[in-house]
Amino acid sequence: MYSFEYRRAQSVAEAAKLIKEVDDGKILAGGMTLIPTLKQRLAQPSDLIDLGKIPDLKGITLSGKTLTIKAMTRHFDVATSADVKKAIPALAVLAGGIGDPSVRHRGTIGGSTANADPAADYPAGIVGLGATIETNQRKIAADDFFTGLFETALEPGELIIAVHFPVPDKAGYIKFAHLASGYATCGVMVSKTGTAVRVGVTGAGPSAFRVPEMEAALAKSFTPDAIAHIKYPPDDLLSDMHAGAEYRAHLVTVMAKRAVAAAIA
Amino acid sequence: MAKISMKVNGKTVSGDVEPRTLLVQFIREHLGLTGTHVGCDTSQCGACNVHYNGEAIKSCTILAVQADGSEVVTIEGLAKPDGTLHPMQAAFREYHGLQCGYCTPGMVMVAVDIARRLPGADEETVREELYGNICRCTGYQGIVEAVMAGSEAMQTGVLPLKEHH
């Protein structure tokens with residue numbers, strides 16, 4: 001690791017101020033991606049601004065038809081929360097499949113969302129459930145948030161405060177996990193709320209995306225068979241040593257079918 | 001340098017560390033507690049697991065400065081001062097839950113965490129929960145048996161003995 005200055009923020013406002021003041025700062029949430037990145041010397045920030053001790057940035061609340069998860073809430077807390085299991089069990093499944101138990105004891109929803117790893121699980125959940133990202137400056141719709149490979153709509157100095165999930169009638173999340181890392185080679189969150197259906201895909205492309213053709217077919221018939229014939233074009237999908245674009249495109253359909261099956265089970 | 005202080009195995013300790021010092025480096029190099037191992041150093045293998053405020057975490061993936069003010073228990077903190085093994089340690093011995101022993105401190109710390117969170121967990125659950133701990137010797141069978149027996153011993157106070165054939 002290259003050396004850096006460490007600053008512990010006492011509030012979101014202080015963190016936002018510090019990140020603007022320092023030369024080339026990075027926000028530290030759970031650190032499950034950032035610290036390994038630093039250890040490999042893939043990043044050389046001048047300062048780390050730690051959110052870990054900010055009070056009131058953790059917690060889950062279910063209010064009417066909205067499940068709110070604050071930014072520093074850990075995957076373990078989401079996976080085991082009675083409110084999450086009751087309102088959106090598929091989201092508890094998603095959080096419980098991230099990394100391993102020790103990683104889930106540290107990693108946070110805010111950190112994962114802001115990092116926007118193409119193979120992370122949360123982006124599929126956020127896009128597939130149509131969540132809203134609340135920052136210290138504004139609210140950002142899921143469809144506008146993930147803009148590219150490790151890129152989001154967040155501006156410099158903009159921090160995630162919470163993620164608000166509308167509670168669907170039904171939802172299912174299934175991923176084809178890479179055998180060694182557990183990351184999603186392809187993961188799909190499908191949700192149905194009234195007649196509206198969303199299909200959110202992670203792992204397959206540079207960032208999470210929706211599949212409108214599947215959404216239209218599922219709105220007519222919310223069954224795995226309804227989308228069995230829909231092929232996603234591989235043109236813009238990722239291709240690497242783990243899976244080629246054609247294979248990932250195939251997985252989009254297979255995982256989406258399984259996610260629907262999980263949602264109606 | 002940053003001044004930090006935390007409770008490790010029930011004792012308050014402090015030190016001056018560079019911000020880039022990992023918790024596992026602080027534990028091993030500053031405190032001399034070398035029971036916590038560094039295996040892969042990439043958050044995969046789990047050899048460095050300690051209990052952090054009562055939960056298993058990978059001490060190679062947290063800065064020592066982040067752990068300021070926390071309570072940490074390492075493998076050295078499990079046995080009683082008179083040397084009596086923790087029930088999970090006794091189970092690992094009884095069920096041959098180790099060969100070379102390198103992964104064992106992390107395995108035992110995670111096993112205790114599993115037993116506390118999921119008492120009575122079945123074999124499938126135990127195997128899933130050990131996803132973040134890699135052993136290159138045993139093939140895991142003895143480890144899984146040890147976790148289940150140790151978990152039972154933590155509840156009942158009695159370690160079921162292995163059937164010897």
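Modeller: Let's start with a cut-off: two strands pair if DSSP finds at least two bridges between them. And keep in mind that this is a predicted model.

Biologist: Okay, what makes β3 and β5 of chain B a pair?

Modeller: 2 bridges join β3(B) to β5(B), residues 71-73. The cut-off is at least two bridges, so they count as paired. The two strands run antiparallel, and B:Tyr52 stands opposite B:Val72 of β5(B).

Biologist: How do you know that β3(B) pairs with β4(B)?

Modeller: Same test: 4 bridges join β3(B) to β4(B), residues 55-58. At least two are needed, so this is a pair. These strands are antiparallel as well, with B:Ala56 as the bridge partner of B:His51. They form a hairpin with 2 residues between them, and B:Asn53 in the turn has a positive phi of about 50°.

Biologist: Which residues of β3(B) point which way?

Modeller: B:Asn49 and B:His51 go one way, B:Val50 and B:Tyr52 the other, and all are buried.

Biologist: Now chain A. Why is A:Gly31 called buried?

Modeller: Count the other C-beta atoms within 10 Å of its own: A:Gly31 has 22. The word applies at 20 or more, so A:Gly31 is buried. You'll find A:Gly31 in the loop between β2 (25-28) and α2 (34-39) of chain A.

Biologist: What does A:Gly31 contact, apart from neighbours within four places in sequence?

Modeller: A:Arg106 in its own chain, plus B:Thr61 and B:Ile62. Contact here means C-beta atoms within 7 Å, so each of those three pairs meets that limit.

Biologist: And how far is A:Gly31 from A:Leu18?

Modeller: They sit 13 residues apart in sequence and 18 Å apart in space, C-alpha to C-alpha.

Biologist: How many residues does each chain bring to the contact between A and B?

Modeller: Chain B brings 22 and chain A brings 19. On chain B's side, the largest share, 4 residues, comes from β4(B). By class, that side has 9 nonpolar, 7 polar and 6 charged residues.

Note on methods
Residues numbered from 1 in each chain as written. Chains lettered and ligands numbered in written order. Predicted model: local features only at pLDDT ≥ 70, side-chain atom pairs only at ≥ 80, totals over all residues. Buried ≥ 20, exposed ≤ 12 C-beta atoms within 10 Å, placed from the backbone. Contact = placed C-beta atoms within 7 Å. Nonpolar A, V, L, I, M, F, W, Y, C, P; charged D, E, K, R; others polar.
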